[in-house]
Amino acid sequence: MADSSLTAELCTDETQFESLATEWARLHRRCRTATPFQSHAWLHSWWLSYGTRGRLRVVLVRRGGELVAAAPLMRVHVPLPALVPLGGAISDFTDVLLDDECADEAARALAEGLSQLARGALIDFREVRSGAAVERIYERWRGPRLRLTDSLCLELPAASMEELLGRLPAPRAQRARAKIRKLDALGVQRRVVRHDEVDASVRTLLHLHQLQWQGRKVTSEHLQPRFSEHLIRSVGLMVRAGDAVVTEFRLDDDVVAADLTLLSPHLVGGYLYGAHPRLRERKVDVATMLLNACAEHAEGDRSRVLSLLRGNEPYKHHWRPETVTNHRLLLARRRTAPVLRAAAWDAGARSRGKEFLRKQRERRERRERS
């Protein structure tokens, strides 16, 4: 190992992982690239809802007993034997944690620990944000490796709503201002939920989310009991740690919308919301209402971005965001290089399939318009 004062260990015990909460939180605060998806509250709660007993693999690096690096992983066997980050598909970003004060040394020790763990499996980091800590591991990896593109994310500057409106063409900005004025005219009021109200508010959010998408195409996982349990269990802890904020919107004394926004030193991102159908009936532009509230959490801190997170939905482009691309980092040992090649082939086939379906959909829409 490059630095004899650093030691790597493997945690496979669920109780031990739970007990790491306090020191994990310290490391999370000392890793400038960390997002709320790397918080212990999010990851441990995710494991309780989605993990498979016996497959936990968390690599920890310590210096003098202090936790300075961590890679939260689990072992999977389908479609290929692999080590994948905790957090799964419901996390917009995955990463490792590295202490900023010794990031280079910690990265070398963590890469060595991961290499030893990966003897029979591919390491597969999906949804890696540009500049993430795990890129240091990728740079130091001695075996076969591959970087692929993953999901698109859209980002706005951390600016006031008025500044965001100033980025738009005048007619569009005028329409957006009219939509904001309509919220005031209707009497829509918003408030940040107190710590002791978070659990109940998240339940309300999930209920409104279900109402909002009733009879329409929706991410099915968001309607599953395990997702609800995860969100209720994790968000209260995240709010207390400053990693999240829940906002309620009231009309005629009723909660008609609720929003969960995730916070980090460099990012503010709207994760999930629920809105009662009566808002649509009253012609409220819910997207503008939510962005107006979210912008307040990012305003004034130019080191942050206002992230619209994953997804290339047309309504997001109304605000002229910048498109950024998440990446998929594949790491292997020489003996598992064939698994890496198989994963790359599978990813390419899926990408080509999605592109084919996209073109088919566009042709169908053109025929319908004509």
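The following legends describe close-up views of a predicted model.

Residues are numbered from 1 along each chain as its sequence is written, and side-chain values rest on heavy atoms, without hydrogens or water. Because the model is predicted, local features require pLDDT of at least 70 and side-chain atom pairs pLDDT 80 or more, whereas totals for chains, interfaces and linings use all residues.

View 1. A pair of aromatic rings is described by the distance of the centres and the angle of the planes. Rings of Phe, Tyr and Trp (its six-membered ring) are paired when their centres lie within 6.5 Å; planes under 30 degrees apart are stacked, those over 60 are edge-to-face, and the rest are tilted.

View 2. F37, W42, F93 and Y271 are linked into a cluster by ring pairs. A charge is taken to sit over a ring if NZ of Lys or CZ of Arg is within 6 Å of the ring centre and within 35 degrees of the ring normal. R129 meets this rule over the face of F93, a member of the cluster, at 5.4 Å from the ring centre. In a further case, the charged end of R147 lies over the ring of Y138, 5.1 Å from the centre of that ring.

View 3. Rolling a probe the size of a water molecule over the atoms shows where empty space is left. On a 1 Å grid over the protein atoms alone, a pocket is an open set of points with protein on both sides within 12 Å along at least five of seven lines, and lining residues have an atom within 4 Å of a point; a cavity is instead a set of points where a 1.4 Å probe fits but cannot get out. Grid points are joined across faces, edges and corners, and a volume is the space filled by probe spheres set on the points. The second largest pocket holds about 380 Å³ of space. Its lining comprises 20 residues, and A25, H28, S39, A241 and D243 lie nearest the centre. At least two lining residues come from each of α2 (21-29), α3 (40-50), α9 (225-241) and β10 (254-264), with α2 giving the most, five residues. Helices (H or I, at least four residues) and strands (E, at least two) are DSSP runs numbered from the N terminus. By residue type, the lining consists of eleven nonpolar, five polar and four charged residues; Ala, Val, Leu, Ile, Met, Phe, Trp, Tyr, Cys and Pro count as nonpolar, Asp, Glu, Lys and Arg as charged, and the others, Gly among them, as polar.

View 4. Ten of the eleven residues of α3 are buried, among them H40, W42, W46, W47 and Y50. The elements covering the buried residues of α3 include α1 (14-19), α2, β2 (56-63), β3 (66-76), α9 and β11 (267-275).

**View 5. Loop residues of note.** D99 lies in the loop between β5 (97-98) and α4 (103-117) and is buried, with a relative accessible area of 2%. Apart from neighbours within four places in sequence, D99 is in contact (heavy atoms within 4.5 Å) with L27, R30 and V68. In the loop between β3 and β4 (82-85) is P79, which is joined to V78 by a cis peptide bond with omega of about 0°. The loop between β9 (244-251) and β10 contains D252, a residue other than glycine with a positive phi of about 55°. D253 is in the loop between β9 and β10 and likewise has a positive phi, near 70°. Both are exposed: D252 at 51% relative accessibility and D253 at 69%.

View 6. L206, in helix α8 (residues 198-212), has a relative accessible area of 10% and is buried. Beyond neighbours within four places in sequence, L206 is in contact with H222, F227, S228, L231, I232 and L272. I123, in strand β6 (residues 122-128), is buried at 0%. Outside the four-place range, the contacts of I123 are L83, L114, A118, W141, L329, L330 and L331.

Notes:
Buried < 20%, exposed > 50% of the residue type's maximum accessible area, 1.4 Å probe, protein only.
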